[in-house]
Structure formats: C-alpha cells, structure tokens
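Biologist: I have a sequence and a model open side by side. Can you show me how to read them, feature by feature?

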Amino acid sequence: MSLKVAIVYNHPDNKYLEIGEARAEYAVMDEVNSVREALSALGYSVIQIPLRPPLESAATCLATLKEEGIDIVFNLFEGFGGAPETEAEFAGIMEKLNLRFTGCPSAALKLALDKVRTKNLLRKAGIPVAEHQVLQPESLKEFKLAFPCIVKPMAEDASHGLSADSVVYDFPALEKQVRKICRHFGGKALVEEYLEGREFNTTIMGNEKTRVLAVSEILYTLPANMPKILTFEAKWDEKSPYYIGTKPVCPAALNDSEQKGIIRIARLAFRVTGCRGYARVDLREDGRGKIKILEVNPNPDISPDSGAARQAAAVGIPYQQFIAKIVRMAGRY
C-alpha cells in the first residue's frame with residue numbers, strides 16, 4: 001500500500017501587486033506541480049491542499065487530514081501574504097498534531113523570520129556575518145555603519161524588496177530606501193554592510209547527519225553602475241538587465257581550502273539555527289576575501305530549476321530522487 005502524501009501550500013494572493021512583485025507568489029504553482037509529478041512517479045498517493053487565510057482554517061484542514069490517514073504532509077506553505085509568521089505557526093500546528101511533515105521545524109522557521117536574531121546567534125557561535133543594524137525612519141540618526149550599505153526587508157524571501165536602489169552610498173539614499181522598505185514591509189528595515197566579494201550558496205540536507213550539496217556561485221556581468229546583488233528582477237524578470245546579467249554556476253570554481261571552508265560554515269549554520277530536512281545557506285566574501293553568512297533559508301524553493309535541485313544534480317542526485325530523500329527525512333526529529 002502506497003503512502004498518502006498531502007502537498008500543502010499557500011494559495012497565491014495579490015499582496016505584492018502594489019510593488020510589482022506578484023510573480024514570485026504564483027511561481028509556487030510550478031513548484032507544487034513538479035513535486036506532485038515526482039511523488040506520483042515514486043508511487044505515492046498524492047493530494048494537493050491550497051491554503052487561504054485565516055490560519056484557523058488551515059488547522060481544521062490538518063486535523064481532517066490526520067483523521068483521513070495522511071502519512072506525510074509535503075510542506076510547501078510559505079506563510080500568508082502580509083503575515084510571514086504564519087509559516088512557522090503552521091508548522092507548529094503540525095507538530096502539535098504529531099503529523100510527519102517535510103522540511104524544517106517551526107522553531108527554525110520562526111528564527112529565520114528574525115534576521116537580526118539569526119545573525120546574532122550565528123555570531124555567538126563564531127560564524128562570521130555581515131555588520132548590520134535595524135532602522136526605521138525615526139531612528140535614522142542612529143545609523144552607525146560605513147557606506148556602502150544594503151537595505152533589506154526584515155522578514156521576506158524570494159528577494160522581495162531588493163532592487164538596484166537597495167545598495168546606498170550616502171545618507172539621502174539610505175533615508176529614502178529605509179522609508180520605502182518600512183512602508184511596504186512591516187515597518188522596519190535591515191541595513192547591512194555591502195559585501196563586495198564573490199557570492200555563494202549551498203543546500204544542506206539531513207537531520208542528525210547532514211550532507212552539504214554542491215556549492216554554487218552567483219556570477220554577475222552587470223554594468224558598472226549596477227550593484228552586484230541578487231535582486232527581485234534577477235530571479236523573476238527575464239527581460240531585465242539583472243536577470244540577463246546574473247547567472248548561477250554550479251559547482252563553483254573553488255580550490256580545496258575554499259570549498260572546505262564554505263562547507264564547514266554552511267553545515268555549522270544549519271545546525272546552529274535548528275534546521276532539519278533541507279535548507280539553503282547564502283554566503284558572500286567581503287573586500288578582503290573573508291566569507292560571511294548572508295542568510296539561512298529553511299525550506300527554500302525546490303522546483304526543478306531551483307538552486308537546490310541544481311546542487312543536488314551536481315552531486316549525482318536527480319530530481320525525483322531529491323524529492324524522495326526529502327520525504328524520507330520527514331518528521332524524523
């Protein structure tokens with residue numbers, strides 16, 4: 001008898017239409033369809049469950065799934081638009097119901113939403129991170145970093161809120177960008193030192209034992225006046241200069257020492273932040289070549305053209321097997 005798997009995901013909404021970033025929300029359906037096809041080919045009995053607010057209805061849905069004998073929830077839920085905290089809350093509901101589910105536990109998902117707390121935790125563990133501070137329009141006078149800086153939303157993924165204007169070189173530009181981010185993304189902005197070196201990311205899989213997949217490098221071939229960052233356009237707008245001038249290379253061209261250094265830091269960051277199942281770690285060199293953690297991303301995109309799938313393929317794990325591994329790790333923590 002085949003295992004019953006429920007793919008649960010958030011139904012796309014229009015939260016990001018105002019700032020022209022709705023495409024990322026609808027891309028989730030590509031991920032859902034690809035995962036469903038892989039699971040079906042593996043012989044699982046699969047159903048799809050799109051979730052809409054409020055979260056209470058999701059709790060009712062999960063309780064029903066448990067009564068119906070669902071064996072595993074394939075968790076692709078990323079939180080409702082405007083309420084990113086619901087991603088962790090949803091995982092917490094599954095934990096209380098003793099449901100097996102893929103990906104990271106609620107504690108890791110909650111931690112990832114607090115980028116400052118995450119950075120402080122990593123730094124305490126001896127893992128280098130970019131210098132940073134949290135600013136609001138009324139606290140701009142407390143700015144203490146050196147220019148250039150990059151201004152980011154506090155609790156977003158998929159590069160929401162990142163554009164060429166995110167890198168600022170003077171105080172007027174900083175003020176303008178902080179006000180913009182605070183207006184659209186929850187009232188606070190994360191300001192970091194801008195790291196000028198090479199950029200890498202890698203995916204870690206596992207529970208007690210972990211495996212670091214291939215390391216990718218993001219190569220930028222952009223005009224001199226465009227900062228080398230992974231903007232929203234670089235991921236989602238195929239006609240933009242950022243999309244054209246931003247390419248992942250996997251595996252990255254690294255010597256043995258560089259490779260081991262990135263793997264060591266990524267694995268440690270995965271453990272320190274309480275990730276399980278799978279997560280992506282983003283890293284970048286500063287101007288002196290020192291690697292620092294940018295972010296830890298639990299439950300990243302796992303569609304066939306994602307970095308995670310590309311890194312798995314580079315170490316000999318085809319997509320269907322990649323999805324099978326994620327299922328086998330579900331709930332074993």
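Modeller: We go from the whole chain to single residues. This is a predicted model, so local features need pLDDT of at least 70 and side-chain atom pairs count only at pLDDT 80 or more, while totals for chains, interfaces and linings use all residues. Residues are numbered from 1 along each chain as its sequence is written, and side-chain values use heavy atoms, leaving out hydrogens and water.

Biologist: How many helices and strands does the chain have?

Modeller: Helices (H or I, at least four residues) and strands (E, at least two) are DSSP runs, numbered from the N terminus. Here they come to 12 helices and 12 strands.

Biologist: What percentage of the residues is buried?

Modeller: Buried means under 20% relative accessible area, exposed over 50%, and partly exposed in between, with a 1.4 Å probe and protein chains only. By that rule, 52% of the 333 residues are buried.

Biologist: What share of the contacts links residues 24 or more positions apart?

Modeller: A contact means heavy atoms within 4.5 Å. Of the contacts with a separation of 6 or more, 69% join residues 24 or more positions apart.

Biologist: How do I read aromatic pairs?

Modeller: A pair of aromatic rings is described by the distance of the centres and the angle of the planes. Rings of Phe, Tyr and Trp (its six-membered ring) pair if their centres lie within 6.5 Å; planes under 30 degrees apart are stacked, over 60 edge-to-face, and the rest tilted. The count here is 4 pairs. Take F77 and F90: the centres are 4.8 Å apart and the planes at 50 degrees, so this pair is tilted. The pair links distant parts of the chain, with F77 in the loop between β3 (72–76) and α4 (86–96), and F90 in helix α4, 13 residues apart. Both F77 and F90 are buried. Ring pairs also bring in F80, giving a cluster of F77, F80 and F90.

Biologist: Where do Y319 and F322 lie?

Modeller: Both are in helix α12 (residues 319–328), 3 residues apart, about one turn of the helix. An α-helix has 3.6 residues a turn, so residues three or four places apart point the same way. The ring centres of Y319 and F322 are 6.3 Å apart and the planes at 50 degrees, so this pair is tilted. F322 has 0% relative accessibility and therefore counts as buried.

Biologist: What do the buried residues of α12 pack against?

Modeller: The buried residues of α12 are Y319, F322, I323, A324, I326 and V327. They pack against α2 (28–41), β3, β8 (199–206), β9 (210–220), β11 (277–285) and α11 (307–314).

Biologist: Is R280 buried or exposed?

Modeller: R280 is in strand β11. Its relative accessibility is 19%, so R280 counts as buried. Leaving out residues up to four places away in sequence, R280 touches N201, T202, T203, E295, V296, N297 and P300.

Biologist: What should I look for in the backbone?

Modeller: Most residues other than glycine have a negative phi, and most peptide bonds are trans. Look for the exceptions. The bond from F147 to P148 is cis, with omega near 0 degrees. P148 sits in the loop between β4 (132–135) and β5 (149–153). C250 and P251 are also joined by a cis peptide bond, with omega about 0 degrees. P251 lies in the loop between β10 (246–249) and α10 (256–272).

Biologist: Where is N98, and what is its phi?

Modeller: N98 is in the loop between α4 and α5 (106–113). Its phi is positive, about 55 degrees, although N98 is not a glycine. At 65% relative accessibility, N98 counts as exposed. N299 also has a positive phi, near 55 degrees. N299 lies in the loop between β12 (291–298) and α11. With a relative accessible area of 10%, N299 is buried.
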